[in-house]
Amino acid sequence: MNEVINNNRSIIVRTENLCKLFLNGKSEIKATDHVNLSITSGEFTAVVGPSGSGKTTLLNLIGGLATPSSGRVFVKGKDINQLKEKELVKFRLHNIGFVFQFLNLIPVLTVEENISFIMELQGTNKEQRNRRTAELLELIGMKDRARSRPYALSGGQKQRVAVARALASKPLFILADEPTANLDTEAAETLLNTMLLLNEKEKVTFLFSTHDPRVMNKARRLITLEDGRITKDETYVR
Amino acid sequence: MIKLAWLNLQRNPYRAMSIVSSVFIAAFFCILFGSFKKGVLNSSADSILKISGGHIEIRSKSYSQTRSIDDIMCIDSAILDSISILPHVKRVLPTLRAYALISHSSSSSSRAVVLVGIDPESEKDRIRMVSEMVEGEWFSEFDRGVIIGENMRNLLNIGIGDTIAVMGVGYHGVSAVGLFPVQGVIGLPVATVDINSMFMTLSAAQELFQADDCYSEIYIMSDKLDKVEVIESFIQSDFSSDEYEIRDWKLLIDEHLVYFRITDAIGFIVMFFLYLLVGSNILGAVILMTKERKLEFSVLVSIGMPRDKLSRTMFYELIMVAFVGLILAVIVSLPIVYYFSNNPIPLYGEAAETLKKFFIYAEIYLSFDLSLFIEQFLIVFCICLAVIAYPVIIIQRLKVDEGLSKRES
Ligand SMILES: Nc1ncnc2c1ncn2[C@@H]1O[C@H](COP(=O)(O)OP(=O)(O)OP(=O)(O)O)[C@@H](O)[C@H]1O
Ligand SMILES: [Mg+2]
């Protein structure tokens with residue numbers, strides 16, 4: 001079922017002439033315009049481009065949070081827009097991890113409860129949840145804050161917990177729309193390092209968008225969008 | 001998911017506050033108004049009882065059918081005395097009521113009225129409780145004058161000191177004719193009674209109709225509504241059911257049912273608008289909360305929380321919030337209602353005067369009734385249930401990409 005390219009890495013996401021139109025008054029905005037791209041497992045890829053270029057729209061389409069005007073999104077070879085809404089939610093739960101720019105965490109739950117929550121939705125038993133939560137907290141270096149509530153954390157800590165939460169469900173890949181936009185340089189760097197560490201150690205696939213040149217520099221692949229079209233797609237060996 | 005709902009409340013009580021307070025206000029005012037509405041009805045019932053006699057009415061069976069003075073009952077005064085000393089009997093009020101024609105020199109026509117002979121001492125408090133002397137003096141024991149209603153005075157255009165000629169038929173066919181000076185004018189709260197009734201002392205009436213020791217009705221007032229049945233059972237031996245008809249307040253009130261229906265209908269309409277008002281208040285608070293949490297909902301659905309599950313969580317959460325508000329309202333309103341069920345609501349100034357003119361009651365007590373609390377509790381709870389549909393619908397229809405975007409917030 002999985003599509004295979006060279007060096008035996010499977011393609012986990014593929015888009016086909018992906019278009020999303022928005023009506024802005026009378027004019028039509030092509031937020032994404034015939035986007036064709038593939039993401040293979042293990043990638044650490046950034047989507048970059050000026051404001052309004054369609055980064056968020058693209059990530060939302062890939063994550064099944066929005067429906068395309070035309071074109072298709074395949075995840076694991078499956079056209080996700082063929083799924084019914086309920087199936088799609090379930091598909092997201094089991095296959096896609098999300099990190100958002102703000103309010104990622106459920107405010108009333110503690111750090112460990114937030115991480116555990118998504119596994120609870122998946123129906124994982126308590127013992128396994130606790131084990132994985134502890135593991136993830138260790139990985140992001142926040143074991144000591146397990147019982148804290150989100151409001152007591154710094155922006156950077158919150159985003160790291162969000163990454164751990166996204167990872168907890170063992171997704172195929174993680175989508176992160178501007179995960180560092182609300183962070184200062186140092187926190188952004190720590191977050192990126194955490195993500196890189198997870199990418200290297202746990203082979204987690206990341207697809208994230210960013211404005212920040214320092215964040216871009218860490219990416220192994222840069223997809224540049226302009227007016228909804230891919231204008232550059234470069235891979236780096238770092 | 002109940003756990004998450006509970007945590008939402010327990011760990012973030014401030015967020016729930018606006019909904020709690022709107023539910024509280026709703027339940028509080030609904031309970032208060034419900035008690036008021038019921039209290040008005042009860043107070044009216046009380047006033048009607050006071051104006052019409054008492055909690056128990058005794059008549060001879062034939063009189064209740066014919067209303068003829070020939071069928072009134074004649075009873076040894078010792079029996080009346082023995083009733084008056086029964087426990088929980090506050091007062092025994094013998095009455096002699098008969099139709100008569102009256103005329104006055106200022107008008108050429110004569111007019112049919114109900115002549116009511118009453119015991120001046122015992123009736124003094126009863127009638128004065130629901131009405132006021134407009135002019136003149138209340139009876140003293142041997143007075144031979146009459147007291148008329150305000151409306152009748154205006155109709156006949158007569159005043160204190162004027163003499164009224166009364167013509168009627170007395171007991172067993174004797175003629176009952178006499179001249180009586182008007183000694184007082186009274187404002188009675190029931191317009192029909194006010195315009196048709198003329199009062200005189202019981203002894204004057206018995207003399208006029210030549211019916212010593214005879215009464216058309218005997219009323220018994222109790223100091224407690226729920227002891228009426230006990231009194232009833234006591235007097236059954238003196239007044240056999242073959243000869244006498246004993247009716248208690250529940251039956252008596254039936255005659256005024258139209259009045260109650262109207263009062264009830266007005267109360268119902270006011271209640272309806274009250275529900276509408278408090279319902280939209282709760283809805284407003286819930287809409288606000290839903291708006292505030294749209295981003296949170298979007299995140300939850302995005303990461304894979306099924307909408308049904310999220311809806312259920314919100315449902316549980318709001319049910320709990322509603323319960324907190326409802327229980328608080330009951331706790332707070334309980335002593336208030338209790339207090340005003342024992343102390344009348346003070347009415348001051350012009351408003352009070354107007355109220356007294358238009359309504360039958362002079363004093364309003366709130367009704368302290370457990371079933372009323374339960375009723376209002378359930379109604380407001382149902383309103384809450386209806387309101388909870390809003391976030392549930394929003395969650396089902398939520399477009400997560402819009403919910404997540406900065407554009408919205
Ligand atoms: N819901 C919407 N309604 C109308 N227009 C929209 C909507 N969402 C996005 N757009 C338009 O689509 C285009 C792409 O928006 P998008 O949010 O994807 O850009 P972006 O690259 O994420 O920008 P930024 O860097 O500011 O986050 C923009 O021109 C935007 O105005
Ligand atoms: Mg964006």
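A residue counts as near a molecule if one of its heavy atoms lies within 4 Å of it. Residues from chains A and B surround ligand 1, so the site is shared between chains. The model is predicted: local features need pLDDT of at least 70, side-chain atom pairs count only at pLDDT 80 or more, and totals for chains, interfaces and linings use all residues. Residues are numbered from 1 along each chain as its sequence is written, and side-chain values use heavy atoms, without hydrogens and water.

Start at the ligand. Of the 15 residues around ligand 1, S51(A), G52(A), K55(A), T56(A) and T57(A) come nearest. A polar side-chain atom of T56(A) sits 2.6 Å from an oxygen atom of ligand 1. Backbone N or O atoms also approach ligand oxygens: 3.2 Å for S53(A) and 3.0 Å for G54(A). Alone, ligand 1 exposes 630 Å², and the protein buries 77% of that (Shrake-Rupley method, 1.4 Å probe). α1(A) gives the largest share of the shell, three residues (helices are DSSP runs of H or I, at least four residues).

Now turn to the interface. Here 26 residues of chain A are in contact with 25 residues of chain B (heavy atoms within 4.5 Å). The area buried between the two chains is about 2300 Å², and carbon and sulfur atoms give 66% of it (accessible area, 1.4 Å probe, lost on being put together and summed over both parts). The rule finds two salt bridges across this interface (side-chain nitrogen of Lys or Arg within 4 Å of a carboxyl oxygen of Asp or Glu). E85(A) and R307(B) meet in a salt bridge at 2.5 Å, N to O. On the chain A side, α2 (85-95) and α3 (111-122) each give two or more residues.

Conventions. Chains are lettered from A and ligands numbered from 1 in the order in which they are written. A polar contact is a pair of N or O atoms within 3.5 Å; within protein, one must be able to donate a hydrogen and the other to accept it, and residues adjacent in sequence count only if both atoms are side-chain atoms.
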